[in-house]
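Here's a quick briefing to read alongside the sequence and the 3D view. Have both open and follow along by topic.

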Amino acid sequence: MNIQKLMKQAQQMQAGMAAAQEELSRKTVEASVGGGKVTVVATCAGDVQSIKIDKSVVDPEDVDFLQDLVLKGVQEAINKGKEVSSTEMKKLTGGMGLPF
């Protein structure tokens, strides 16, 4: 086994992973809950960029419902971003099972 060749491949993979992580930090996913009443946009790195709330779910008498919708939307957007990130990283590593 050629150790220099192995090291070069590892460096190339590391550079590719860094570039992919940078791209994923800019790539966004969108999640809608409550029949589209709450929409959350987040990056694949897990940063929430925006939350849109339909006026019809803003009820001062039922704040708990709105809070639940917002939380569910944020969780769904973050999970979608994680799925996209995982898929992209698996492409780079060839399914080597490296943790991300």
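Predicted model: local features only at pLDDT ≥ 70, side-chain atom pairs only at ≥ 80, totals over all residues.

- β1 pairs with strand β2 (residues 38-43) in the antiparallel sense, and six bridges link the two.
- Working along that pairing, Thr 28 stands opposite Thr 43 in β2, and Ala 31 has Val 40 of β2 as its bridge partner.
- The β1-β2 hairpin leaves four residues between the strands, and here Gly 34 takes a positive phi near 65 degrees.

**The sheet**

- Zooming out, you get an open sheet of three strands in the order β1-β2-β3, with antiparallel pairing.
- β1 and β3 (48-53) stand at the edges; each has a single partner strand, so one side of each is left without a neighbour in the sheet.
- On average, neighbouring strands of this sheet are turned by 15 degrees against each other, ignoring direction.
- Helix α2 packs on the sheet and touches β1, β2 and β3, with its direction at about 145 degrees to that of β1.

**Helix against helix**

- Helix α1 (residues 3-26) packs with helix α2 (residues 63-93) at an angle of about 160 degrees, and their axes are 10 Å apart.
- Angles over 145 degrees count as roughly antiparallel, so that is how α1 and α2 run relative to each other.
- The α1-α2 crossing is right-handed.
- On the α1 side, the contact is made by Met 13, Gly 16, Met 17, Ala 20, Gln 21 and Leu 24.
- On the α2 side, Val 84, Ser 85, Glu 88, Met 89, Leu 92 and Thr 93 take part.
- Sorted by type, the residues of the α1-α2 contact come out as seven nonpolar, four polar and one charged.

**A closer look at Thr 43**

- Leaving aside its neighbours within four places in sequence, Thr 43 is in contact with Leu 24, Ser 25, Lys 27, Thr 28 and Gln 49.

How values were computed. Residues numbered from 1 in each chain as written. Heavy atoms only, no water. Pairing = 2+ DSSP bridges. Axes fitted to C-alpha atoms, helices over the stretch in contact; angles between N-to-C directions. Parallel < 35°, antiparallel > 145°, perpendicular 65-115°, else oblique. Left-handed = near helix turned anticlockwise from the far one by under 90°. Contact = heavy atoms within 4.5 Å. Nonpolar A, V, L, I, M, F, W, Y, C, P; charged D, E, K, R; others polar.
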